[in-house]
Amino acid sequence: MSVPVESAEPTTVRPPVSEGVSESAGEALRPHAEHAFAAELTALAAQDDRPRPARWRLSPWAVATYLLGGTLPDGTVITPKYVGPRRIVEVAVTTLATDRALLLLGVPGTAKTWVSEHLAAAVSGDSTLLVQGTAGTPEEAIRYGWNYAQLLAHGPSRDALVPSPVMRAMAEGMTARVEELTRIPADVQDTLITILSEKVLPIPELGQEVQAVRGFNVIATANDRDRGVNELSSALRRRFNTVVLPLPESADAEVDIVSRRVDQIGRSLDLPAVPEGIDEIRRVVTVFRELRDGITADGRTKLKSPSGTLSTAEAISVVTGGLALAAHFGDGVLRASDVAAGILGAVVRDPAADRVIWQEYLEAVVRERDGWKDFYRACREVSA
């Protein structure tokens, strides 16, 4: 038999604040997307007169606008959450409007989790229905578990069942998220096959099932660069529409991404404004891109690439750490000495091989580059 779904009415949506979470979002170190950008989501909903799929908070056009940014007719500015090809976002949003699940694929640091969170926030108003994939993720994290005190006292029953985020999303017509899908053991991954193909989750212990209501979908993220990756079965991969998130095409685009994200993080930590350190941000991005690509920006010198990914996310971390150093131990202005140690930590993952690559890059490229003498000295100092 099918389990009754109390929230099947088309107008029922999850409250913007998850149960058990403080409503004082301003006190959170990192508020969920639906809290941090609540004003933008409200403005979009108020002016969004386009058709909306069942239980969506916004139309597909408004969801894409929320991610890519824009200016609404009333002058409200929507800040970009993702800087990249518009068509990628449009395909991702369109996928969620169908009955196919979405797989965001890319190398580490390409904003897969960030995009996943904001898509869920814009579509369902709740980005917290999350399964975090690890090598130890059990099947119960995707299907359901049991309250063993209730189970022992009364036997299998609905009261003893503990629904997973995916099960809750199915019952309420929401968007569930599965992070790092390829880190989950293969047999646990395949638990999703029936859910995604039949839109049903059997509960054999009760002789029941949960049928997904309209609005339900899944966003998964994955990469195949890290160690500990479990390849997706062909049966599971067919249930997803895969969208590949690329690395930023140009240095200017990557500088823009790093600047925006560091500014957001910095405001929550009361750090100095990013514009005062834009030159150092550009240098960090240049170093990462050259070592990542194995060639200097002018195309004249080939380089060896270190073992790390040197992703945009790592550049954000290096700059944020540098801003903290500048704020607490400097004059508040981001300088080469503030980012040098962070760059060294990001580049030199293998103490033997990567250190040689880094020293060669410093001497052959950084030392000879005009206007980079302070950067060279700072890097030499922390590399000694």
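Of the 38 residues in the largest nonpolar core, which touch the most other members?

1. **The largest core.** Val287, Phe288, Ile343, Trp358 and Phe375 touch the most other members of this 38-residue core. A nonpolar core is a set of buried Ala, Val, Leu, Ile, Met, Phe, Trp, Tyr and Cys residues joined through side-chain atoms within 4.5 Å. Buried means under 20% relative accessible area, exposed means over 50%, and partly exposed lies in between (1.4 Å probe, protein chains only). The elements that give two or more residues to this core are helix 11 (251-268), helix 12 (278-293), helix 13 (312-329), helix 14 (336-347), helix 15 (353-366) and helix 16 (373-383). Helix 14 gives the most, with seven residues. Helices (H or I, at least four residues) and strands (E, at least two) are DSSP runs, numbered from the N terminus.

2. **How to read the model.** This is a predicted model, where local features need pLDDT of at least 70, side-chain atom pairs count only at pLDDT 80 or more, and totals for chains, interfaces and linings use all residues. Residues are numbered from 1 along each chain as its sequence is written, and side-chain values use heavy atoms, with hydrogens and water left out.

3. Phe288 touches Leu310, Ser311, Glu314, Ala315, Val318, Ile343 and Ala346, not counting residues up to four places away in sequence. Contact means heavy atoms within 4.5 Å. Leu291 sits in helix 12. Leu291 is buried, with a relative accessible area of 0%. Neighbours within four places aside, its contacts include Leu303, Pro306, Val347, Trp358 and Tyr361.

4. In soluble globular proteins, nonpolar side chains tend to be buried together.

5. **Strand 10.** Is strand 10 (residues 217-222) mostly covered or uncovered? Six of its six residues are buried, so "mostly covered" is the description. In a regular strand the side chains alternate between the two faces of the sheet. On one side of strand 10, Asn217, Ile219 and Thr221 are buried. On the other, Val218, Ala220 and Ala222 are buried. Strand 3 (residues 101-105) pairs with strand 10 in the parallel sense over four bridges. Two strands pair if DSSP finds at least two bridges between them. Leu102 stands opposite Ile219. Strand 7 (residues 175-179) also runs parallel to strand 10, joined by four bridges. There, Ala176 stands opposite Val218.

6. **Helix 4.** In helix 4 (residues 86-96), Ile88, Val89, Ala92, Val93, Thr95 and Leu96 are buried. Seen down the helix axis, the buried residues fall within an arc of 155 degrees, so they line one face of the helix. The arc is that of the directions from the helix axis to the C-beta atoms. What covers these buried residues includes helix 3 (60-68), strand 3, helix 5 (112-124), strand 10 and strand 11 (240-244).

7. **Tyr144 and Ser164.** Tyr144 lies in strand 5 (residues 144-146). At 3% relative accessibility, Tyr144 counts as buried. Ser164 is found in the loop between strand 6 (161-163) and helix 7 (165-172). Ser164 is buried too, with a relative accessible area of 3%. Leaving aside neighbours within four places in sequence, Ser164 is in contact with Glu140, Ala141, Ile142, Arg143 and Tyr144.

8. **A hairpin.** Strand 8 (residues 200-203) and strand 9 pair in the antiparallel sense over four bridges. Val200 stands opposite Gln211 in strand 9. Four residues lie between the strands of this hairpin, and Gly207 takes a positive phi near 65 degrees. Strand 9 (residues 208-211) has a covered face, Gln208 and Val210. Its uncovered face has Glu209 and Gln211.

9. **Distances from Gln208.** Leu291 and Gln208 are 83 residues apart in sequence and 55 Å apart in space, C-alpha to C-alpha.

10. **The whole chain.** The protein chain has 16 helices and eleven strands. Its C-alpha trace spans about 75 × 50 × 40 Å along the principal axes. Buried residues make up 48% of the 384 residues.
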